Amino acid sequence: MDYAKAAFLKAEDLEARLSAFQSAHKVRNAFVSVKPAAPLKGGESLQIAYAGGEGALALTAKITAEVISPGSIELKIDGAAAGEITFGAAGKGGDVIINSVALEGEGEISLGGKNGFYGNIISCDISLSGFSAYINKNSFEWAADTSGNMSAVIVNNDGKLKLYLNSSGSLPDSSGFCAEIGSGIKCGVAVDGGDCFYIYTDLYKNVWGAKYSGSQITSRKFLGENADSVAIAVCADKLIIAAVSNGSVFYRLCDKNFEAASGVSSFSASAPISHIRFLQGAHTPSIVYYSGAKSYLKTAQKESEAASSAKMRIIFSVEEKNVQA
């Protein structure tokens with residue numbers, strides 16, 4: 001046996017493995033500047049962006065606010081406190097947070113009001129440095145649906161939701177009809193005939209449902225709060241809406257003005273659920289949900305709640321498949 005050659009090949013293999021590891025685990029610098037121009041008060045939370053990385057990351061953040069009532073602003077990343085700034089007087093002010101944060105995967109960046117704070121957030125500049133560090137203002141922020149010749153796409157463009165429609169049977173693009181339909185973060189859309197129904201979360205994670213018909217928003221309704229992801233689909237002559245809150249999925253039927261047509265049901269998984277979407281075009285309502293770095297498909301059945309067949313309950317318990325290895 002040629003031991004020298006074997007040793008060379010092992011060293012070469014080790015070098016290739018180290019090179020691949022270093023390519024996948026590079027130290028990166030990420031930066032985002034957000035100007036939400038949004039109010040914040042004690043007890044509220046304001047979504048800023050999404051950050052990702054591996055292990056300990058160096059954090060620098062500058063927050064500028066127009067203070068009405070003095071107090072504190074807490075910066076959180078993936079639910080963990082990353083720093084706090086105290087504003088002792090009314091007026092425009094700002095300060096810098098320098099800290100180290102730990103991340104494994106992606107987490108939400110948010111600001112929270114504390115100690116009686118009330119004011120308007122003018123800007124938030126955040127820098128992260130570390131293995132595989134990144135910051136994304138628009139994480140999973142688009143939705144699409146088709147029905148007949150009508151197609152709709154909603155895109156989150158730096159906190160502004162834009163609706164693109166095409167009624168010629170092809171998918172819409174940026175050169176076609178576009179309407180700005182509000183400020184939001186997470187979104188879902190469903191098309192039925194010539195009408196477009198959409199659901200979204202605002203900067204405070206409140207959930208809203210709206211109908212776009214005849215080139216205008218014809219209705220808008222508050223649906224809930226504290227949602228991390230939302231989805232919507234057409235279900236016969238009704239809509240089915242769903243939201244992720246505290247790691248579980250909550251869903252219900254409603255009519256096409258977003259009035260409740262069933263009670264709220266829910267389901268959870270072995271690991272917290274991060275986001276959801278409906279499988280568009282499915283004959284039976286089906287939810288794709290993401291839990292523990294895997295994707296799952298859960299298919300529904302209907303169960304009568306009353307003698308009247310007009311009132312039905314959707315139960316997502318019939319079939320569940322792992323759709324991602």
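Modeller: Gladly! Let's start with Thr 201: leaving aside neighbours within four places in sequence, Thr 201 is in contact (heavy atoms within 4.5 Å) with Gln 47, Ser 183, Gly 184, Ile 185, Lys 186, Asn 206, Val 207, Ala 227 and Val 230. Please keep in mind that this is a predicted model, where local features need pLDDT of at least 70 and side-chain atom pairs count only at pLDDT 80 or more, while totals for chains, interfaces and linings use all residues. Residues are numbered from 1 along each chain as its sequence is written, and side-chain values use heavy atoms, with hydrogens and water left out.

Biologist: Why does Thr 201 count as buried?

Modeller: Buried means under 20% relative accessible area, exposed over 50%, and partly exposed in between, with a 1.4 Å probe and protein chains only. Thr 201 has 0% relative accessibility, so Thr 201 is buried. Its place is in strand S14 (residues 195-201), where a strand is a DSSP run of E with at least two residues, and a helix a run of H or I with at least four, both numbered from the N terminus.

Biologist: How many helices and strands does the protein chain have?

Modeller: The protein chain has one helix and 24 strands. Buried residues make up 44% of its 325 residues.

Biologist: What makes Ala 236 exposed?

Modeller: The relative accessible area of Ala 236 is 58%, so Ala 236 is exposed. Ala 236 lies in the loop between strand S17 (229-235) and strand S18 (238-245), and has a positive phi of about 60° although it is not a glycine.

Biologist: And Phe 258: why does it count as buried?

Modeller: Phe 258 has 3% relative accessibility, and therefore counts as buried. Phe 258 lies in the loop between strand S19 (248-254) and strand S20 (265-267). Its phi is near 65°, a positive value in a residue other than glycine.

Biologist: Why is Gly 159 called buried?

Modeller: With a relative accessible area of 15%, Gly 159 is buried. Gly 159 lies in the loop between strand S10 (150-157) and strand S11 (160-166).

Biologist: How many disulfides does a search of the whole structure find?

Modeller: The search finds zero, a disulfide being a pair of cysteine sulfur atoms within 2.5 Å. Cys 124 is buried because its relative accessible area is 0%, and Cys 254 counts as buried at 1%. Cys 187, in strand S13 (residues 187-192), is buried with a relative accessible area of 8%.

Biologist: Which residues lie nearest the centre of the largest pocket?

Modeller: They are Asp 78, Glu 106, Gly 107, Glu 108 and Ser 274, out of 38 lining residues. On a 1 Å grid over the protein atoms alone, a pocket is an open set of points where a 1.4 Å probe fits, with protein on both sides within 12 Å along at least five of seven lines; lining residues have an atom within 4 Å of a point. The largest share of the lining, 10 residues, comes from S6.
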